[in-house]
Amino acid sequence: MTPQEVRLQPFPPAGLPDPYCPEPAVIRSIETETPGVATFRLELQNASRQRMYRYQPGQFNMLFIFGVGEVPISISSTPGEQAGIDHTVRFVGTVTRVMERLRPGDVLGLRGPYGTGWPLEQARGQDVLIVAGGLGLAPLRPVIQTLLARRSQYRRLLLLYGSRQPMDLLYQREYAGWVQQGLELMVTVDRADQSWNGRVGVVPALLSRVSFDPTQTIAFTCGPEVMIRFTVYELLARRLSPERIYLSIERNMQCGVGLCGRCQLGPYFVCKDGPVFAFNRIGRFIRPEHF
Amino acid sequence: MPMSGGVPPIGQAVVLNKTDLGAIIEQLWQAGYTVIGPTIAQGAIVFDEVHRLDQLPIGWTDEQEGGTYRLKRRDDKAYFGYAVGPHSWKKYLFPPRLSLFSLQKTQDGFHVQQNQEPVPRYAFLGIRSCDLHAIEIQDRTFLYGPHVDSHYQARREGVFIIAVNCSKAAPTCFCTSMQTGPKVERGFDLALTELSESFVVEVATPRGADLLTGLPYREATGEDLGAAARVVRDTASSMKRHMDTYDLPELLYNNLEHPRWDDVAKRCLSCTNCTMVCPTCFCHCIEEVPDLDGQRAERIRLWDSCFNPAHSYMAGGMIRSDIRARYRQWLTHKLASWIDQYGVSGCVGCGRCITWCPVAIDITEEVAAIRSDADKRTKEGSP
Amino acid sequence: MTTRKPRIGVFKFASCDGCQLTVLDCEDELLDLAERVDIAYFLEAIRRPLEGEFDIALVEGSVYTPEQEEYIRDIRQRSRFLITLGACAAQGGIQALRNFTPPDEYPRVVYALPQYIESLAKSRPASDYVPVDLALQGCPINKQQLLRVLVQMLLGSKPRVPNHALCLDCKRQNIVCVLVAQGKPCMGPITTTGCGVLCPSYDRPCYSCFGPAYQPNPSSLTRRFAHLGFAPHEIQRLLHGYYSQAPEFREEGQRYARS
């Protein structure tokens with residue numbers, strides 16, 4: 001292949017705002033989800049900016065703590081459903097650890113939304129199979145809520161979800177409502193405790209318990225990368241074609257706009273070309289480990 | 001046929017005495033440009049501010065090979081008788097450390113203050129074809145992507161460019177393979193070809209022509225142009241290193257588990273030098289630098305590298321957790337995924353990564369090793 | 001964040017006091033800092049008995065005597081976050097060079113009455129005895145790095161120090177590589193950053209007073225040194241200096257000691 005010539009346009013107009021500038025956002029509420037995980041509902045301090053703020057399920061924001069830095073967090077609320085923007089956060093990193101001490105009313109920084117969303121249009125009229133592990137349910141929660149709100153437009157809705165331990169399962173208070181609205185839910189944990197009498201085992205193993213028609217199914221998956229891999233391989237083995245499998249992946253994202261280069265996966269900048277990809281686009285790059 | 005005094009025609013070549021370059025430098029400073037050119041420092045030909053002709057490395061050259069660089073005296077008084085050195089022009093357009101903005105804590109949160117520092121208007125003197133291509137490649141990253149980097153743009157926009165056609169190729173050069181030289185084709189105001197007593201000057205822009213106005217130049221004769229063409233031709237034919245770029249992206253993508261990655265991992269130091277000297281590498285990191293009292297913080301941007309383990313670090317761990325993975329990322333990005341991202345290769349064949357690798361790892365050799373082995377394996381019919 | 005100022009203690013083990021001096025050298029910043037922290041124990045600056053608990057313990061020096069072994073355990077129990085300062089506390093320091101010889105050899109040579117010398121068999125880092133939360137490298141440590149860590153902690157964040165090769169910061173300062181351009185045996189490619197690129201900015205090769213970078217590749221670099229004409233004992237000395245006990249340097253150095 002010879003390098004194709006790209007015609008360069010004249011210089012773009014000067015004086016555009018710095019893409020790295022965060023905006024102040026107020027914490028409206030903090031809901032503890034599981035030990036070490038909480039959902040922060042944020043609103044931009046500038047009310048008109050908040051009203052103009054639009055996002056799609058699957059996109060993420062860069063959250064900012066003064067003096068410490070930024071962290072990419074996917075949006076876990078549903079567009080149009082409420083005033084605030086939800087972010088489900090695990091307190092493990094340099095930035096998120098500080099978030100553990102914040103209280104409603106405190107101000108942090110936000111910029112976004114960034115990245116691609118889940119292809120909800122393409123799911124219309126299909127069986128939708130959602131496979132999530134651990135915190136990977138967060139960016140899929142708006143998918144579930146959106147699909148259930150337009151329940152009649154889709155055929156079967158299945159959620160296969162698992163976590164390490166029963167107490168790590170996210171959004172447990174919402175499961176009953178989801179099922180009532182027509183979601184088929186299967187939950188598993190890697191390790192049971194006394195309180196648990198449900199399934200035990202890894203998430204991809206749940207796939208063997210469900211039947212689906214590969215010609216009329218679309219799958220969305222998110223979670224630890226190893227779980228995603230096994231889920232995808234299992235789905236492929238069940239003859240679901242690669243362009244019907246969507247995954248959301250995580251990389252080190254700092255700029256959010258495809259400039260800093262840290263989140264690259266082969267030809268893609270996960271921050272702008274992803275985080276949601278069809279498997280036929282990234283399969284060859286996600287197969288080799290550590291790429 | 002002297003033409004001196006008038007405005008030279010654009011698109012034509014004129015001949016200028018070498019020493020008149022001094023007047024050009026002076027005029028550029030007078031016109032408000034910060035003139036950057038080659039000069040000697042720390043045992044190498046680097047880029048820095050140039051005010052006078054005697055700051056240029058006149059009569060000097062370099063000897064380069066994998067992992068070594070030495071300055072040497074020439075036996076003539078050539079102005080540009082050397083190849084590219086450790087610096088690239090990206091240090092001016094994409095500074096290694098840049099304060100983007102500062103943040104001040106306020107009663108109801110924080111306030112952002114953009115960095116208002118004035119940006120110099122640069123004139124680049126002595127830029128080579130490979131480096132001119134490198135700037136075009138970085139333009140695609142910082143100016144023509146989904147986001148325009150205003151910091152890069154502010155520095156890039158008005159740059160005055162006096163290019164030089166290479167009269168010498170280092171043994172580490174391979175621009176002919178990458179089709180990026182040695183002759184400069186576009187993107188300059190003036191382009192010089194050095195002959196023994198004079199420069200043949202291609203005039204490409206009105207402001208380039210303005211700069212020559214008043215200088216004692218003459219119209220280039222067929223003989224002058226022939227001599228200039230010979231300089232470039234001789235340089236091209238003396239190029240010792242080559243890279244076969246045929247179907248390179250597919251070759252690399254199909255060999256992501258090739259044993260050569262393990263082999264190079266034993267040699268690679270993951271020290272980041274190749275990416276730092278590379279004129280197209282653009283990876284960077286953003287750091288928050290708080291004051292001691294916690295009331296003010298500065299947001300800075302720093303050059304970073306895919307060889308820095310932190311580059312792929314997330315709270316869950318490192319994606320590219322060993323040197324093999326990091327070298328593979330660099331090479332495949334440079335030569336394969338760059339083309340997917342920007343439509344051109346990220347390599348301009350300047351050879352800096354070869355010279356400035358402390359252990360002499362050679363990108364052309366690594367590619368050749370993968371290619372020869374891949375070809376062999378294909379011929380043998382094994383996967 | 002709690003309103004109480006964090007209580008900091010600075011403790012000395014077997015060391016030259018250089019890292020503690022670096023703490024004192026933060027003159028201007030120390031005044032700012034003293035408003036936000038309570039320096040409750042720091043013999044070089046304040047005479048006060050050791051009592052109570054500490055939010056942050058800064059520990060200088062290697063563990064060298066049986067008393068010090070008890071002392072480090074005591075400090076660990078009293079401290080929420082323990083940071084070691086410098087090469088001695090991180091890897092045993094220059095005095096750990098004696099770890100390569102039998103324990104009683106040096107006392108016999110140096111002291112008239114070696115029976116009064118009571119030391120452990122080896123000079124060892126604090127982390128050999130107690131869990132360490134963060135290690136600041138260097139001989140001595142870098143002041144800016146220390147301040148940055150303290151500020152990060154005051155902000156409630158988990159402090160992190162970069163551990164990439166020195167070269168990255170060297171090139172960020174546009175310094176020409178002294179190894180490539182002058183053939184000097186620079187340890188920068190396998191040395192962790194943090195010093196501010198002191199030596200190369202004065203045209204001198206790095207001698208690794210900050211110790212190994214993350215995943216160093218010493219055998220490749222030393223092959224290069226040998227190729228440039230450096231003798232095995234010269235190469236060994238580069239590896240067996242401030243960080244002779246860092247596993248990657250220890251083993252590679254021993255290879256050259258034998259050859």
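How many Å separate the centres of domain 1 of chain A and domain 2 of chain A, taken over C-alpha atoms? The separation is 22 Å.

Before you click around, note that this is a predicted model, in which local features need pLDDT of at least 70, side-chain atom pairs count only at pLDDT 80 or more, and totals for chains, interfaces and linings use all residues. Residues are numbered from 1 along each chain as its sequence is written, while chains are lettered from A and ligands numbered from 1 in the order in which they are written.

**Stop one: chain A.** Select 23-114 for domain 1 and 127-286 for domain 2; such bounds come from an automatic or database domain assignment. Where they touch, domain 1 of chain A gives 19 residues and domain 2 of chain A gives 21 (contact: C-beta atoms, placed from the backbone, within 7 Å). Strand 1 (23-34) and strand 6 (107-114) of chain A are among the elements giving two or more residues to the domain 1 side (strands are DSSP runs of E, at least two residues, and helices are runs of H or I, at least four, numbered from the N terminus).

**Stop two: chains A and C.** Here six residues from chain A meet six residues from chain C.

**Stop three: helix 9 of chain B.** Select residues 260-267 and find Arg260(B), Trp261(B) and Val264(B), which are buried (20 or more other C-beta atoms within 10 Å of a residue's own; exposed means 12 or fewer, partly exposed in between, with C-beta atoms placed from the backbone). Look down the axis: the buried residues fall within an arc of 100 degrees, so they line one face of helix 9 (the arc is that of the directions from the helix axis to the C-beta atoms). Turned away from that buried side are the exposed Asp262(B) and Lys266(B).

Terms used: Two residues are in contact if their C-beta atoms, placed from the backbone, lie within 7 Å.
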